[in-house]
Amino acid sequence: MGTEPAYVYALVNAIAVLIIACPCALGLATPMSVMVGVGKGAQNGVLIKNAEALEKMDKVDTLIVDKTGTITEGKPTVEKMGSFDNGFSDSEVLQYIVSLNNQSEHPLAEATIKYGKEQKADFLKADGFNAVTGKGVEGNVNGKKVALGNAKMMEYAKATLSKEMEEKAQFFQKQGKTVSYLAIDGNLVGYVVIGDKIKKTSAKAIKELQDKGIDVIMLTGDNHDTAQAVANELNLADFQAGMLPENKLQEVEKLQENGKVVAMAGDGINDAPALAKSDVGIAMGTGTDVAIESAAITLVKGDLHGIVKARNLSDVVMRNIKQNLFFAMIYNTLGIPIAAGLLYPFFGILLSPMIAALAMSFSSVSVIANSLRLKGSNID
Ligand SMILES: [Mg+2]
């Protein structure tokens, strides 16, 4: 000790305590990790709109996936069109289907129009187009009332689906294809078979997520047989078919009420309510704007492997935040008692304010350096 009066030491010590007690790096610990994590995600095609999603993704135990456009390519192609020998020929069925669908922008409709053009079908005069959510479409073609869609649509159009027709449809549905029926003036006259390939990466991604202990559930508006065929191919035990948009939302709510942390992956307008309600909404970048708007995470390539990446990213970011909190606190925890004079009576050691300031700088530098390490982590 020098010759200065005691109050000088008291003042210097008090300043050292104040400096070392300031947890300045604490304010950096979480935002730094999240910021680097969000950047890392973007580089890997995982766009994170809100940081909360990045934190919650780590806790997700249930994943709901939509089928069309999410698990599958969402690029449907017509494989077959046919009549039920009910007063209309194959080519008339084709004419009515393409003429009605010509007013629609639905991917299934576009597939039929493409097919119709290839088959050089004549387009008839059509108006009064109306889409019935989850069922199909209706309108007037050539002065006749026309309905096209699933079995529910036929019920809506008061057209009877015979056992024989249903069996014919099931033959295709069991192969994972979608069958739409055509009714003209309340008579079921034909059908169209539309196929949609499963994305190459879907099966592997679902398997990886299941291996991480996440329950994967497929929800689709498609019928049971089509859904079953896709589920079989992906080894998915859990799926529900014939879902309307509100059913998907209800399913998310039901799981959340049971204490599940639910992520939902989808691409369509029909997925939007469920995407917004889920704990982590994940939209396919290849999907509709409404879905992307409703979701917290967007997978640029629209590939389910992006969900595995998002989960891995969340894991490393959360671990990184914990490390940062350690670095932010350790210098203070060790420094405060020393600065306050704990060791002074025994060893004559006090903390100089300069050393205290240096320790605080180190604390921030450690946090920043540790956050930047995230850049090199493997989330694939
Ligand atoms: Mg979809």
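## A loop residue with positive phi

Lys120 sits in the loop between α6 and β4 (126-132). This is a predicted model. In it, the phi angle of Lys120 is near 55 degrees, a positive value in a residue other than glycine. Most residues other than glycine have a negative phi. Lys120 also counts as exposed, because its relative accessibility is 70% and the cut-off is over 50%.

Asn142 belongs to another loop, the one between β5 (136-141) and β6 (144-149). Its phi is near 55 degrees, again a positive value in a residue other than glycine. What is the relative accessibility of Asn142? The value is 45%, so Asn142 counts as partly exposed.

## The overall shape

The protein chain has 16 helices and 13 strands. Its radius of gyration is 31 Å, well over the 21 Å that the globule rule gives for 380 residues, so the chain is more spread out than a compact globule. Along the principal axes, the C-alpha atoms fill a box of roughly 115 × 35 × 35 Å.

Among contacts with a separation of 6 or more, 65% join residues 24 or more positions apart. Buried residues make up 47% of the 380 residues.

## Surface and charge

The protein chain exposes about 18400 Å². Carbon and sulfur atoms supply 56% of that area.

How many positive and negative side chains does the protein chain have? There are 37 positive and 42 negative ones. The centres of the two sets lie 4 Å apart.

## The magnesium site

Which residues are the protein donors of the magnesium ion? They are Asp66 (OD), Thr68 (O) and Asp267 (OD). These donors lie 2.1 to 2.2 Å from the ion. Along the chain they follow the spacing D-x1-T-x198-D.

Asp66 is buried, because its relative accessibility is 4% and the cut-off is under 20%. Thr68 is partly exposed, with a relative accessible area of 33%.

## Three buried helix residues

Gln95 lies in helix α5 (residues 90-101). Its relative accessible area is 18%, so Gln95 is buried. Leaving out residues up to four places away in sequence, Gln95 touches Asp122 and Leu124.

Thr112 is part of helix α6 (residues 107-118). At 2% relative accessibility, Thr112 is buried. What does Thr112 contact, leaving aside its neighbours within four places in sequence? Its partners are Val78, Met81, Ile97, Val98, Asn101, Val192 and Ile194.

## Helix α8

Ala169 is placed in helix α8 (residues 163-173). It is buried, at 3% relative accessibility. Not counting residues up to four places away in sequence, Ala169 touches Val179 and Tyr181.

Ser89 gives a distance to compare with the sequence. Ala169 and Ser89 are 80 residues apart along the chain. Their C-alpha atoms are separated by 18 Å.

Technical notes:
Residues numbered from 1 in each chain as written. Heavy atoms only, no water. Donors = N, O, S within 2.8 Å, 3.2 Å for Na, K, Ca; no water. Buried < 20%, exposed > 50% of the residue type's maximum accessible area, 1.4 Å probe, protein only. Helix = DSSP H or I, 4+ residues; strand = E, 2+ residues; numbered from the N terminus. Rg over C-alpha atoms; globule rule 2.2 N^0.38 Å. Contact = heavy atoms within 4.5 Å. Areas by Shrake-Rupley, 256 points an atom, 1.4 Å probe, with all protein chains shown as cover. Lys, Arg positive; Asp, Glu negative; His and termini not counted. Charge placed at Lys NZ, Arg CZ, Asp CG, Glu CD.
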